[in-house]
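Colleague: I have a new model open and would like to learn how to read it. Could you take me through its features one at a time?

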Amino acid sequence: MANSLKDWGKTFYVVFAFCSVLCFGAVKSLLVGPIAALILSLGNLGVILGLFPAHVAWTVFTLVKTNRFDAPLKVAILLGLPALFALWLALSIAISGLVAIGYGFFTPWVSSFEAFRLEHESKFLHCIVDGTWGTIKGSCTVVRDFADLCYHSYPLYLKELRENPTSNELQPLRFIHVPACIIVGIIGLIVEIPLYAAIAIVKSPYMLFKGWHRLLHDLISREGPFLETACIPIAGLTILMWPLIVVGSILMAIFTSFFIGLYGSIIVYQERSFGRGIAYVIAMVAEFDEYTNDWLYLREGTIFPKPKYRKKRQSNSEPSVAKNQSLHDKLGSVFTEPPAMLVPSLTASRSVREVIKEVKMVQIWGSMMKSCEVRGTELLETGVITPVDLSDWLKAKHANDATIVDVGLPCFSFLHTLLDSINAGSNGLMLLDGTEVNHLNRPQDRLLDWFFHPVMVLKDQIRVLGLEEGEIRYLEKMLLFGGNKERGNTWENGSFPLDPLRAAQIEGISRRMMGMNRSISKFPTYRRRYRQVVKDLIHSIGKDGISTKSLAKEGSTRSTNSSAAKSFTRSISSRSIASIEMV
């Protein structure tokens with residue numbers, strides 16, 4: 001009897017908490033949502049329209065200057081630029097509006113449910129407060145990250161396109177192929193958009209009811225997200241919001257069909273065949289149908305024909321780590337894959353505790369930034385880098401104006417992360433807090449796939465080389481100062497002249513690490529997080545009472561830093577050999 005009353009009391013508490021949080025979340029969404037949505041939509045709109053003339057000028061300038069395209073291909077792209085820019089304006093403004101509404105209205109709601117999952121003494125107070133001011137600040141952060149992506153990352157991509165030498169992989173475009181590319185692109189849009197929408201709409205009831213069946217089964221059997229009592233309100237919200245997730249999957253399928261259809265023009269250009277372009281358009285419908293069947297556990301295969309559109313089919317089962325893999329190849333591997341509907345896995349769900357065991361992307365970002373801060377503090381204390389270097393990076397309009405802080409410091413930190421992982425005998429990467437990231441617990445993210453495997457290869461190369469102490473010091477100098485030989489020669493860190501073969505191997509590793517860092521620096525949130533690290537380093541100088549002027553003077557008079565640099569070398573040397581616990 002007592003156990004029965006206890007169970008009824010727990011059930012009444014869960015139902016009452018869920019209804020209360022649902023009401024409070026709705027009220028917060030109505031109060032905070034319009035403000036956050038207005039900030040996000042107007043901010044992104046200002047970025048899109050304000051930078052649009054610059055984007056047009058940068059793109060045209062890059063197209064004229066690059067050596068990767070021949071004259072006919074440049075003319076074809078120039079003729080297509082107005083349509084591409086119009087598509088960019090329409091899609092970016094529409095998506096910004098949808099994101100603003102979704103973020104502004106649903107974030108306060110979800111925050112109310114999150115308050116019950118976290119261990120707070122006053123959950124009721126956090127249910128009311130959480131997601132109010134934080135949502136407004138978050139909308140400003142989204143606008144800032146979007147501005148960094150448009151103002152900093154996009155010009156970097158264009159710069160790489162301008163500076164890359166002529167590639168033998170790119171074939172010249174003949175004018176006879178231009179009409180075929182245009183026709184296949186139009187046919188792709190006409191075919192893909194309605195068929196993708198029809199497939200998604202027809203299969204949406206299966207997704208709706210199978211999703212509800214899976215969630216209700218977990219609720220009754222207390223599995224998956226319903227295993228912990230504190231997580232039941234959030235899981236209940238998922239049941240209520242499941243129809244919106246289904247609608248979002250349909251919209252995502254229609255959105256991705258634009259790019260899938262337009263990619264048919266690139267297939268014609270690559271394969272030099274109008275027929276293969278048409279075959280691609282037909283095959284992509286079959287790929288999408290088969291992909292959604294697998295997700296929803298329907299019949300295997302597809303009813304649509306699936307012709308081959310490549311002369312030699314490339315396997316995308318493993319991320320490529322070829323040294324000469326171009327951006328063209330990476331984009332090709334992405335766009336030739338069928339677009340994903342927003343279908344959460346309908347297999348047996350794992351509990352929240354099992355999911356928490358996976359390393360999240362935010363942990364990796366946080367560890368990267370913390371490592372940069374720790375290494376930067378050590379370099380500052382010994383005068384290897386100065387506050388002038390940090391302030392120059394904050395004021396620089398372009399990354400090339402302050403490469404020591406922009407590229408050198410992150411690469412220096414990344415090198416010691418690899419060395420610490422090697423010395424600890426890790427099969428993956430050891431983060432600063434001692435967490436190991438390997439193939440089993442790494443975040444399942446497509447962008448991370450492009451980097452994790454190459455990083456593991458780079459780590460194995462460093463392990464096989466068996467770098468000696470002086471060679472590690474030489475690699476440190478190469479990464480930190482790069483082409484600035486004057487600054488590098490003044491830093492006496494214990495490196496010694498190497499034979500040409502060994503020096504070439506180490507310089508090759510340094511170039512790969514710098515390339516990886518430049519690629520990662522284009523990601524959203526990176527610049528904002530790294531900028532905060534640089535500000536914290538400058539703030540720590542003033543907090544410790546170190547004179548900025550004196551350090552700047554030291555930075556200009558490198559001869560006074562010899563003894564400090566030597567002591568820094570000894571300290572870094574001991575850390576690079578020690579185990580991860582010493583970090």
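**Reading the fold and its pairings**

Modeller: Happy to. Of the 583 residues of the protein chain, 43% count as buried, where buried means under 20% relative accessible area, exposed over 50% and partly exposed in between (1.4 Å probe, protein chains only). This is a predicted model, in which local features need pLDDT of at least 70, side-chain atom pairs count only at pLDDT 80 or more, and totals for chains, interfaces and linings use all residues. Residues are numbered from 1 along each chain as its sequence is written, and side-chain values use heavy atoms, with hydrogens and water left out.

Colleague: How many helices and strands does the protein chain have?

Modeller: The protein chain has 19 helices and 2 strands; these are DSSP runs, numbered from the N terminus, with helices being H or I of at least four residues and strands E of at least two.

Colleague: What span should the 21 residues of helix α10 have?

Modeller: The expected span of a helix is 1.5 Å times one less than its number of residues. For α10 (residues 361–381) that gives 30 Å, and its end C-alpha atoms are 30 Å apart, which agrees. Buried residues of α10 include I364, W365, C372, R375 and L379. After α10 comes G383, whose phi is positive, near 75°.

Colleague: Now the packing of helices. How do I read that?

Modeller: Two packed helices are described by the angle between their axes and the distance between the axes. Axes are lines fitted to C-alpha atoms, for helices over the stretch in contact, and angles run from 0 to 180 degrees between N-to-C directions. Angles under 35 degrees count as roughly parallel, over 145 as roughly antiparallel, 65 to 115 as roughly perpendicular and the rest as oblique.

Colleague: At what angle do α10 and α12 cross?

Modeller: Their axes cross at roughly 105° and come within 9 Å. That makes α10 roughly perpendicular to α12. Contact means heavy atoms within 4.5 Å, and here it involves M368, S371, C372, R375, G376 and L379 of α10 with L409, P410, F412, S413, H416, T417 and D420 of α12.

Colleague: What about α12 and α14: at what angle do they pack?

Modeller: Helix α12 (residues 403–423) packs with α14 at about 150°, their axes being 7 Å apart, so the two are roughly antiparallel to each other. Among the residues making this contact are F412 and L415 of α12 and L475 and L479 of α14.

Colleague: And salt bridges?

Modeller: Side chains of opposite charge can pair when their charged atoms come close. The cut-off is a side-chain nitrogen of Lys or Arg within 4 Å of a carboxyl oxygen of Asp or Glu. Searching the whole structure gives 14 salt bridges.

Colleague: Which residue forms a salt bridge with R528?

Modeller: D145, with the closest N and O atoms 2.7 Å apart. This pair links distant parts of the chain, R528 in helix α17 (residues 526–543) and D145 in helix α4 (residues 133–163), 383 residues apart. R528 and D145 are buried.

Colleague: Is K522 buried or exposed?

Modeller: K522 is buried, because its relative accessible area is 3%. K522 forms a salt bridge with E160, the closest N and O atoms being 2.6 Å apart. E160 has a relative accessible area of 31%, so E160 is partly exposed.

Colleague: Where does E471 sit, and what is its partner?

Modeller: E471 lies in helix α14 (residues 469–481) and R502 in helix α16. They form a salt bridge, with the closest N and O atoms 2.8 Å apart, and both are buried.
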